[in-house]
Amino acid sequence: MSTGFALDKPFVLLGVDQSYFTRKMSGYFDYKGLPWRLKRFGGGSAEVRAAGWTGGIPAVRTPDGEIMWDTTAMILHLEQRFPEHPVLPPDPVQRFLCFLLEDFSDEWLYRPAVGSRWLYEENRRHGSWDLARDMSVEFPVSGEQARQMVTGIMQGSIGRLGATAGNIDAWIEEVLKPWQRTLSAHLEREAHPYLFGARPSLADFAFFGGNAAHFANDPLCRRWSDEVGPAVVAHTHRLLEPDDQTFGDWLAPGEIPDSLVAVLAEVGRLYLPWVARATAEGAADVGFASGAPAPIDTTPFLTEARGVLLARYVEARSDALDAVLDRAGIRRWFADHVDGAGAIPDLESPPRPTLNQPFPSSPVQAP
Ligand SMILES: N[C@@H](CCC(=O)N[C@@H](CS)C(=O)NCC(=O)O)C(=O)O
């Protein structure tokens, strides 16, 4: 299997275990069977900054010493180099839906993930110490100093991603729990223990990252996930131990079970209306049924990501795809916005995108 990488050295994943996007990458490496090791990183590496990185963990050092970042771009780049155990469904309709669901995980579920860690005392107590231990490996500070540092930075940034003390309960009751419940109802079926069949896709690793780092990890979130999404917790555990699993085939071409349509409809309940408006107008309110205010600005990263997904829709568009989007009641969030389509990035070389932070927090400074 020639990949252009001498695999005598591992990939170095620069991030932390408590990080949503770091776990997305670690889950992918484990499934692909690529050698990797974790190096605790919260932004203090001169090597990574010298490569042009400006924020957003993780980053990755390849076996031949190249630095790259942005999980979506890195996974799509590695898929070109390591085609075995592919994570993109071959069927063009399922492949577009895979990108749609990955986008939902990366750009939406991250908000209740970080909000629930820093706005609920029990989660904050556990999360801040877990992160402090890792941060104090990289920075010359005491555990307590690291805990105060990371708590200060994250609490200072959650407002920007739309989570506040006034609306966090709405994020949990109107976004997280309905999502975990609907996803669990799909994953509990024997025919598809993963989103698109009996093997995991890019979107499965996106959700795995959020669950392994937050929703199946932080105490309060774990109790909710056990209650409303037991098959989601089981999905997380399978991808934590891929060597113990037997993976099967993708869904048959054109096969879109009703339970998957329900999952897509859940994406269209609050996220797609919000992102379509926010990226077109600069900002929009989530529109929680409870009335909890959640006005959120787009970011340059999000507007670009939305443009890429619309370009993927334009590229994949067919009667079959539009029929599925109609079944889920979400076609208009794509078909009516094709003028916002951007360019699909070419990921031949290790990606170092200029924009990498959907949710920028202030740069990590040692006290
Ligand atoms: N586009 C990036 C997003 C990375 C990202 O936002 N990571 C979070 C931690 S899970 C982070 O570093 N947030 C704080 C920041 O951006 O300053 C990816 O997919 O890797």
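1. Gly43 touches Arg49, Trp53 and Glu138 when residues up to four places away in sequence are not counted, contact being taken as heavy atoms within 4.5 Å. Gly43 sits in the loop that runs between strand 2 (36–40) and helix 2 (46–50), where helices (H or I, at least four residues) and strands (E, at least two) are DSSP runs numbered from the N terminus. Gly43 counts as buried because its relative accessibility is 5%, the term buried meaning under 20% relative accessible area with a 1.4 Å probe and protein chains only. Between the C-alpha atoms of Gly43 and Pro58, which are 15 residues apart along the chain, the separation is 9.2 Å.

2. A word on the basis of these points: this is a predicted model, in which local features need pLDDT of at least 70 and side-chain atom pairs count only at pLDDT 80 or more, while totals for chains, interfaces and linings use all residues. Residues are numbered from 1 along each chain as its sequence is written, and side-chain values use heavy atoms, with hydrogens and water left out.

3. Asn123 belongs to helix 5, and Asn123 counts as buried because its relative accessibility is 0%. Leaving aside neighbours within four places in sequence, Asn123 is in contact with Ser116, Arg117, Ser128, Asp218, Pro219, Leu220 and Cys221.

4. In helix 9 (residues 219–228), the buried residues are Pro219, Leu220, Cys221, Trp224, Ser225 and Val228. The cover over these buried residues of helix 9 includes helix 4, helix 5 (121–138), helix 7 (168–187), helix 8 (202–215) and helix 10 (230–240).

5. The axes of helix 5 and helix 6 (residues 143–157) come within 8 Å and cross at roughly 115 degrees, axes being lines fitted to C-alpha atoms over the stretch in contact and angles running from 0 to 180 degrees between N-to-C directions. On the helix 5 side the residues that meet helix 6 include Arg124, Trp129 and Met135, and on the helix 6 side their partners include Glu144, Arg147 and Gln155. By class, this contact of helix 5 with helix 6 has seven nonpolar, five polar and three charged residues, with Ala, Val, Leu, Ile, Met, Phe, Trp, Tyr, Cys and Pro counted as nonpolar, Asp, Glu, Lys and Arg as charged, and the others, Gly among them, as polar.

6. Helix 3 gives the largest share of the lining of the second largest pocket, namely three residues. A pocket is, on a 1 Å grid over the protein atoms alone, an open set of points where a 1.4 Å probe fits, with protein on both sides within 12 Å along at least five of seven lines, and lining residues have an atom within 4 Å of a point.

Technical notes: Buried means under 20% relative accessible area, exposed over 50%, partly exposed in between (1.4 Å probe, protein chains only).
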